[in-house]
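Colleague: Before I use this model, I want to hear what stands behind each label. Please take me through them.

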Amino acid sequence: MKILLVFDFDNTIIDDNSDTWIVQCAPEKKLPIELQDSYKKGFWTEFMGRVFKYLGDEGVREDEMKRAMTSMPFTPGMVELLNFIRKNKDKFDCIIISDSNSVFIDWVLEATSFHDVFDKVFTNPAAFDGSGHLTVENYHAHSCRRCPKNLCKNVVLVEFVNKQLQQGVNYTRIVYIGDGGNDLCPVTFLKKHDVAMPRKGYTLQKTLSRMSQNLEPMESCVVIWSSGIEIVSHLQFLIKE
């Protein structure tokens, strides 16, 4: 009987947003105004497709992007947390559900040798095409009204848990570690024994505290964190229970 740990990637595992971090590869480290203004709410993946095309057209190559991406710092205490999980893999399954893309996440996990900690990564599929441009696609289509059109993290989580159940894997609880607005949907579906762990000072934590002030019920318990070390402490407590 294992605990399922669910991680977001941007501003959770890494201490920045991979999609905005990559802009440092652009000429003068910024995007043209008309490209910046082309973003429409809920259509971030399409916007990033245009950003990657622009970078490719400007001659930014794969190795340059990879160098930038792998220089991104981890969130405080995250290395300790991932090492703790690795030492206790008999007690945890671990997945990432992220609105970044598969190339960026692969690069970071590979450069830091943390690939083995994660059983599965769910994110927007990306690849370099024949002309060396990075292309990205929507992870899936869904009918959830609350989420951006390319990814509902709750749909992904429920599908994963159900698939595991069919294979005889039943989790004692889910611990969800995230920071952003798109982590709200899966967190509100957590059950009584589950734990929502929003990062202090970020959108998810602010939204959850507003919800509790409005007495909107949350079944799971909420544990706020600023460092991965605090998450380690809570996980130690959970496996002792």
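What follows is a short exchange on the labels and the values behind them.

Modeller: This is a predicted model, in which local features need pLDDT of at least 70 and side-chain atom pairs count only at pLDDT 80 or more, while totals for chains, interfaces and linings use all residues. Residues are numbered from 1 along each chain as its sequence is written, and side-chain values use heavy atoms, with hydrogens and water left out.

Colleague: Which residues does UniProt give for the feature "binding site"?

Modeller: The unreviewed UniProt entry places "binding site" at Asp8, Asp10 and Asp179. They are spread over 172 residues of sequence, yet cluster in space, with a largest C-alpha distance of 8.3 Å. UniProt also lists Asp8 and Asp10 under "active site", again from an unreviewed entry. Positions follow the numbering used here, feature names are shortened, and annotations may be inferred rather than shown by experiment.

Colleague: What places Asp8, Asp10 and Asp179 in the lining of the largest pocket?

Modeller: A pocket is an open set of points on a 1 Å grid over the protein atoms alone, where a 1.4 Å probe fits, with protein on both sides within 12 Å along at least five of seven lines; a lining residue has an atom within 4 Å of a point. The lining of the largest pocket takes in Asp8, Asp10 and Asp179.

Colleague: Why is Asp8 called buried?

Modeller: Buried means under 20% relative accessible area, with exposed over 50% and partly exposed in between (1.4 Å probe, protein chains only). Asp8 has 5% relative accessibility, so it counts as buried. Asp10, at 10%, is therefore buried too. Asp179 is at 7%, so the label holds there as well.

Colleague: Where do Asp8 and Asp179 sit in the chain?

Modeller: Asp8 is in the loop between strand E1 (3–7) and helix H1 (18–21). Asp10 is in the loop between E1 and H1. Asp179 lies in the loop between strand E6 (173–178) and helix H8 (184–188). Helices (H or I, at least four residues) and strands (E, at least two) are DSSP runs, numbered from the N terminus.

Colleague: What does Asp179 touch?

Modeller: Contact means heavy atoms within 4.5 Å. Not counting residues up to four places away in sequence, Asp179 touches residues including Asp8, Asp10 and Arg199.

Colleague: What makes the Asp8 side chain a polar partner of the Lys153 side chain?

Modeller: A polar contact is a pair of N or O atoms within 3.5 Å; within protein, one must be able to donate a hydrogen and the other to accept it, and residues adjacent in sequence count only if both atoms are side-chain atoms. The pair with Lys153 is at 2.9 Å. Asp8 also makes a side-chain polar contact with the side chain of Thr12, at 3.3 Å.

Colleague: Which strands does E2 pair with?

Modeller: Two strands pair if DSSP finds at least two bridges between them. E1 and E2 have 5, in the parallel sense. E2 and strand E3 (residues 120–124) have 4, also parallel.

Colleague: Why do the buried residues of H4 line one face?

Modeller: In helix H4 (residues 62–69), Met65, Ala68 and Met69 are buried. Seen down the axis of H4, the buried residues fall within an arc of 95°, so they line one face of the helix. The arc is that of the directions from the helix axis to the C-beta atoms.
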